[in-house]
Amino acid sequence: MQLRTTVVFISTLVLFLPGATVEGHNITSILAKFPEFSTFNHYLTITHLADEINNRQTITVCAVNNPGMSDLLSKHLSVYAMKNVLSLHVLVDYFGAKKLHQITDGTTLAATMFQATGTASGSSGFVNITDLKGGKVGFGSEDYVRTDATFVKSLQEVPYNISVIQISSMLPSAEAEAPTPEPAAVNITSLMLAHGCKNFADALLASDAMKTYADNIDGGLSVFCPLDDAFKGFLPKYKNLTVAGKQSLLEYHGVPVYQSMSMLKSSNGLTNTLATDGASNYDFTVQNDGQDVTIKTSIVTAKIVGTLIDQQPLVIFTIDKVLLPKELYKRAISPAPAPVADAPKASKKKHKSPPAPASSESLADSPDDASADQEADSNNGVGIKGFRVGALALSFWVASLVM
């Protein structure tokens, strides 16, 4: 009993250790429970900041409700500048409601994900948190003198993993809002050609699938590119596909969201692809296999063996097999088990059954082995017909004795 109590105590303690979690958090799922934060949640998604938040072990998100977002939206910032502004509202430390009211010396500087990008100069990527009089907590940006927003309430806390709180308004930051140059365009086929995926790149360039890939890069794209040896062996089957089939197969190797290796490891499961045009069409399963990450279709399982580029919103992985969708290729049929050898038998020569009568009332043909039963065996024994004659003679003999 004492041992059991100790085990339960240790298990409970582990759950509340810093960084100990039962499962990874999902900021979009958390905020989805609060419709008044739908705008803030929407921009976390389209800037891909949500993915980075989910990939952090300890984090505090300072969310602002829909009315509080109106002033920021009126500035019509680019998606890259919007990401910087929202990053300023994500603290890379845990601050629950209780901790906010117990700040040592009444004030502290908290680093943010904007500071972590390396683009924030000086102290512009920090937020000042101050425990004010009357039970209020203030948040200030840049100069740390004024209070730009105040703590409203806690939305969800998972100590010491993630805290999602509401603040009264967005934190102003001229540096975060400054125009941000877009990342240089990446030529994905050039990367493939230079790093062992020439065959797949050539197929892409010859297909309308290339446009589908290009149209999805800005919004997030993960590519699973078969290495040359794998695709070369598959080429005969690929050439037999229709034009539409080729396009679907190539699009099947792309996913319309950015997913880094660590994100793939923490979010196993069924995944839609660029080829998906319905809930259950052209999907595959991401799963962990020890330290490896594999992509499993109904027909084949491929392993991720390398990374060509991981630069959000684009990541290109290399895989050791071509992904085969069930929509284009049937499941491989397992070979039939080898027949078990029968015990040696006396050789019998079979004759073809006589042709059936032409009458529609004729009986069905006998089974093949019926003809063998109608023959003498190897010891010249009496066959079926002989047995019938002998039986008739025997019956007359028995009758004569009785009489």
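This is a predicted model: local features need pLDDT of at least 70, side-chain atom pairs count only at pLDDT 80 or more; totals for chains, interfaces and linings use all residues.
Strands in a sheet are held together by backbone hydrogen bonds, and they can pair parallel or antiparallel. Both senses turn up here. E1 and E7 go parallel, with 5 bridges between them, and Val61 has Val164 of E7 as its bridge partner. Over at the E3 end, E3 and E4 are antiparallel, and E4 and E5 are antiparallel too.

If you follow the chain from E4 to E5, you pass through a hairpin with 5 residues between the strands, where Gly134 takes a positive phi near 80°.

**The sheet from E8 to E14**

The other sheet is also open and mixed, and its 7 strands come in the order E9-E8-E14-E13-E12-E11-E10. Its edge strands are E9 (254–255) and E10 (269–272), each pairing on one side only. Further in, E11 and E12 form an antiparallel pair, and there Gln287 has Thr294 of E12 as its bridge partner.

Here are the strand pairs side by side:

| Strand pair | Residues | Sense | Bridges |
|---|---|---|---|
| E1 and E7 | 59–63 and 162–167 | parallel | 5 bridges |
| E3 and E4 | 107–111 and 126–131 | antiparallel | 5 bridges |
| E4 and E5 | 126–131 and 137–141 | antiparallel | 5 bridges |
| E11 and E12 | 283–289 and 292–296 | antiparallel | 5 bridges |

Take H11 (residues 198–205) with H12 (residues 209–216): their axes come within 7 Å and cross at roughly 95°. Angles of 65 to 115 degrees count as roughly perpendicular, and H11 and H12 are therefore roughly perpendicular to each other. On the H11 side the contact uses Phe200, Leu204 and Leu205, which meet Ala209, Met210 and Tyr213 in H12. By class, the contact of H11 with H12 has 6 nonpolar residues, with no polar and no charged ones.

H11 also packs on H13 (residues 228–239), where the axes come within 8 Å and cross at roughly 45°. That angle makes H11 oblique to H13. Lys198, Asn199, Phe200 and Ala203 of H11 touch Asp228, Phe231, Lys232 and Tyr238 of H13.

**The largest pocket**

Which residues lie nearest the centre of the largest pocket? They are His25, Asn26, Asp51, Asn54 and Met263, out of 22 residues that line the largest pocket. The space inside comes to about 610 Å³. H4 (49–54) and H15 (261–266) each supply at least two residues of the lining. By class, the lining has 15 polar residues, 4 nonpolar and 3 charged.

How values were computed. Residues are numbered from 1 along each chain as its sequence is written. Side-chain values use heavy atoms; hydrogens and water are left out. Axes are lines fitted to C-alpha atoms, for helices over the stretch in contact, and angles run from 0 to 180 degrees between N-to-C directions. Helices (H or I, at least four residues) and strands (E, at least two) are DSSP runs, numbered from the N terminus. Angles under 35 degrees count as roughly parallel, over 145 as roughly antiparallel, 65 to 115 as roughly perpendicular and the rest as oblique. Contact means heavy atoms within 4.5 Å. Ala, Val, Leu, Ile, Met, Phe, Trp, Tyr, Cys and Pro count as nonpolar, Asp, Glu, Lys and Arg as charged, and the others, Gly among them, as polar. Two strands pair if DSSP finds at least two bridges between them. On a 1 Å grid over the protein atoms alone, a cavity is a set of points where a 1.4 Å probe fits but cannot get out, and a pocket is an open set with protein on both sides within 12 Å along at least five of seven lines; lining residues have an atom within 4 Å of a point. Grid points are joined across faces, edges and corners, and a volume is the space filled by probe spheres set on the points.
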